[in-house]
Amino acid sequence: MLLAAAFACGLGCSSDGPVELAVRVFVPASCALGNDGYVFARGYGDYEASPTPLGFFVRDGNVTLDGIRSTAREVVLTASLGEKSWSGRADFQRGADVLLSQENNVCTLADAVDSRTEGMLVAYGNDRALLVAGKNQNVPRSFSFDGHTGKSTPLGRDLLRQRVSASATATGDASNGGRVVIAGGLRADSGEPLSDAEVFRDGAFDRNAIALSGARSAHAAVDLHGNHVLLLGGLGTNGVLGSLELVDTDSNVSETAGLTSLEVPRRDLAAVGLANGEVLVFGGRDAQGNDVSAIEWIARDARSHVRTGLQLKFGAGSKVLALPNGGVFAATLEGTRASLWTIGEGGAIGAAGGLEGVTSLALFADVDGAVSIFTGRAWLRFGTWDRSLSLLASLGNEGPKSELFVGMEPGLALFADDAAEGTHLRVLRTTSVSTYGPLDEALAFTDTRSLVPVSSGLGPPAFSTETGITLLEGERIAIVDRFYRDFEVSFERRGAPAEIVLRTEGGDDFAVGGAACPYRSEQKSAVVRIARIDNRIEGDATCDLPFATGERVAIHPRGPAGSAQLRSLVVSRK
């Protein structure tokens, strides 16, 4: 189902001038929105205006809507029909195709894809996914999925060698279209170990592979610093590996020199890259076939370990998820019981409950810092602040039946399932939010909404409506799902003011109120105010920022020496 609307910039335009942009709206036929459905469009960008929704009925077909600003960066569409809701989002600056999917429902997409076992599904470039590798009776083709239209297209130039037991890792970003590195593995037809990596970019695989230091399969891989992929452990021609290897997709070479090694060589391991750029390694089996419980915490340059001594039993079927705002969520499976854990960036591991009757596990990051969990029988939502579990009853037991599952963005997951009519990709949308959206009210005032703990896995900091949030020294929280360019921050304080850590999308941190940018000594007011204008901090602290001009940052309040009480946190775009 295809709708079309031209959003013309009228009275709402900025000085950048008027713009008219055609927006095509795609709705999966399996979750169709009838002609009586009403669609709202909202534009968001690096400005603080709460957008006035512009609307039209589905039956209106092609319409022109005036009022979305020319400086908008995202468009979010929401629709309703009776008690059902649909939503989707897209990049306004690059032309806006929007996949409008029914919320809290699984929608099957129309295009059939090749079935496979031991394949991989990976999200890349912010809004796309690649279904790749694996085997079946024939050679399964790779497909590129467009998250704006819901369409899946076979690649014109596929893998040089079809493989299993490989890794598929997204790197780069939307500015270069995103890349995917398929590394190592075994030949799908003969089982021959492979010692190269293939790079998918610009819609096709390169004609030449990148040579690795040796064969590597059953390994883990993470994105490191953009355009680089770090390979960890696995199985080589001489046994279990402890080595790390860095694949550079700019120079098309790999290297091992100067990189640290795993303290426990292992195969069949899991690894995730944290929001701060560090890497955590879980589970796997050692050279004797024993399960490995030691967690390895590797520095962002992969040349050393950050901390040691952490343990977590992480057997077959267990899953781990790096949280977009910082920290890790893990679900460890033993029989039909899953134990839930949170791990903060400070290294603390906290138990977060358990689930019984689990037949399989899938995790993806939801909006508001939550985690959605599929147990093989039901969908649950875990709140990272209150550590609560709630049932997503409307979804029933519709979920992934294989490992072909990936979170596309907070609130959106994609998976492949075989059915009588063939293999199709399916989408699950809980809701849509914009990273440019405004905060509707002061935070840490009446409740802790829009905030998540980052530094500790043991639970959130203390909160009361009278004193706000108490942050112990080094304790850190984050405003969820939002990045800012120029902004103003204010908050009430009792005692020493909290530091405001600014984190780039690449994981670099800078603390306003810290040693490099201290608060003014004469700052005695109960209300602290700072602002970022271009690349400088003004207000109750003044300094230049070590970031690229215009680079967007997340906002993380952090406890100073001693502690801080923070209340009525207000953040606005400028």
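Phe487 counts as buried because its relative accessibility is 0%; buried means under 20% relative accessible area, exposed over 50% and partly exposed in between, with a 1.4 Å probe and protein chains only. Tyr484 counts as buried too, at 1% relative accessibility.

This is a predicted model, where local features need pLDDT of at least 70, side-chain atom pairs count only at pLDDT 80 or more, and totals for chains, interfaces and linings use all residues. Residues are numbered from 1 along each chain as its sequence is written, and side-chain values use heavy atoms, leaving out hydrogens and water.

**Ring pairs**

A pair of aromatic rings is described by the distance of the centres and the angle of the planes. Rings of Phe, Tyr and Trp (its six-membered ring) pair if their centres lie within 6.5 Å; planes under 30 degrees apart are stacked, over 60 edge-to-face, the rest tilted. By this rule there are 13 aromatic pairs. Here are two of them.

| Pair | Centre to centre | Angle between planes | Type |
|---|---|---|---|
| Tyr484 and Phe487 | 6.3 Å | 70 degrees | edge-to-face |
| Phe510 and Phe547 | 6.4 Å | 80 degrees | edge-to-face |

Phe510 lies in strand S47 (residues 509-512), and Phe547 in the loop between strand S50 (543-544) and strand S51 (553-558), so their pair ties together parts 37 residues apart in sequence. Strands are DSSP runs (E, at least two residues), numbered from the N terminus. Both Phe510 and Phe547 are buried.

Ring pairs also build a cluster: Phe364, Phe374, Trp379, Phe405 and Phe415 are linked.

**Charges over rings**

A charge sits over a ring if NZ of Lys or CZ of Arg is within 6 Å of the ring centre and within 35 degrees of the ring normal. Arg573 lies over the face of Tyr484, 4.2 Å from the ring centre. Arg307 lies over the face of Trp297, at 4.4 Å from the ring centre.

How values were computed: Helices (H or I, at least four residues) and strands (E, at least two) are DSSP runs, numbered from the N terminus.
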